[in-house]
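Q: I have a protein open on my screen and would like to go through it step by step. Could you help me read it?

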Amino acid sequence: MKRAFIIIDMQNDFIDGPLGSPQAQVIVPRIINKIRDHQQNGTTIIFTRDTHNQGYLQTQEGRNLPVPHCLENTPGWQISNPIAEAADLTSCLIFNKGCFGSIELAQHLRQEGYDHIELAGLVSSICVISNAMLIKAHLPEAVISLDATCTAGVTEEDYQASLCVMKMCHIQINHKGLI
């Protein structure tokens with residue numbers, strides 16, 4: 001089996017910056033533990049990084065979410081330092097993406113023949129679900145899973161809705177550790 005652990009947008013702006021939340025902060029140590037587990041098993045660790053430029057507010061996303069965030073090469077764009085240190089970013093692929101999902105990530109996973117992909121990160125109802133659907137479309141027979149304890153939504157309602165939609169699309173949702 002060829003395995004990948006995909007960490008979606010665990011960037012400072014989504015954790016404790018302008019779009020941060022207590023729910024996002026809670027998952028940081030959980031993702032670090034997951035990284036360590038996957039490293040011991042030889043799983044490939046891959047990141048996505050939401051990436052915008054100074055013209056963000058003129059984009060469709062910027063008009064719908066008028067909060068500048070993840071502006072390239074700013075501190076908020078960086079992957080959270082504790083996560084970056086745990087993963088050793090120098091040995092990881094990072095896909096910068098200007099929109100919710102990364103077609104390049106999905107194509108890479110298909111080209112490399114990954115058959116088991118686990119997802120984690122932020123935000124469950126936007127970028128996590130978008131990448132899950134793209135990966136599923138590119139690798140319909142791959143086992144794709146999400147650890148529900150390692151993602152967070154904007155609200156509890158959208159978090160639960162995103163888990164429900166992913167489950168309906170045959171993404172395996174692991175609730176281990178949830179109270």
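Q: To start with, how many helices and strands does the protein have?
A: This is a predicted model, and in it the secondary structure of the protein comes to seven helices and six strands.

Q: What is the radius of gyration, and what would a compact globule have?
A: The protein has a radius of gyration of 15 Å, which agrees with the value near 16 Å for a compact globule, because that is what the rule gives for 179 residues. Taken along the principal axes, the box that the C-alpha atoms fill is roughly 40 × 35 × 35 Å.

Q: How much of the protein is buried?
A: Buried residues make up 50% of the 179 residues. As for the surface, the protein exposes about 8900 Å², and carbon and sulfur atoms supply 53% of that area.

Q: What about contacts, how many of them link residues 24 or more positions apart?
A: If you take the contacts with a separation of 6 or more, residues 24 or more positions apart account for 76% of them.

Q: Switching to cysteines, how many disulfides are there?
A: A search of the whole structure finds zero disulfides. Cys70, for instance, is in no disulfide, and the nearest cysteine sulfur, which belongs to Cys127, is 8.6 Å away, whereas a disulfide needs the two sulfur atoms within 2.5 Å. Cys92 is in no disulfide either, with the nearest cysteine sulfur, that of Cys150, 16 Å away.

Q: Is Cys70 buried or exposed? And Cys92, buried or exposed?
A: Cys70 counts as buried because its relative accessibility is 0%, and Cys92 is also buried, with a relative accessible area of 13%, since the cut-off for buried is under 20%.

Q: Now the backbone: which residues does the cis peptide bond join?
A: The cis peptide bond joins Leu122 and Val123, with omega at about -15 degrees. Val123 is found in the loop between strand 4 (116-122) and helix 6 (124-138).

Q: What is phi of Asp88, and where does Asp88 lie?
A: Phi of Asp88 is near 55 degrees, a positive value in a residue other than glycine. Asp88 lies in the loop between helix 4 (81-87) and strand 3 (93-97), and it counts as partly exposed because its relative accessibility is 38%.

Q: What about His170, where is its place?
A: His170 sits in the loop between helix 7 (156-168) and strand 6 (172-174). His170 has a positive phi of about 70 degrees, although it is not a glycine, and it is exposed, with a relative accessible area of 59%.

Methods. Residues numbered from 1 in each chain as written. Predicted model: local features only at pLDDT ≥ 70, side-chain atom pairs only at ≥ 80, totals over all residues. Heavy atoms only, no water. Helix = DSSP H or I, 4+ residues; strand = E, 2+ residues; numbered from the N terminus. Rg over C-alpha atoms; globule rule 2.2 N^0.38 Å. Buried < 20%, exposed > 50% of the residue type's maximum accessible area, 1.4 Å probe, protein only. Contact = heavy atoms within 4.5 Å. Areas by Shrake-Rupley, 256 points an atom, 1.4 Å probe, with all protein chains shown as cover.
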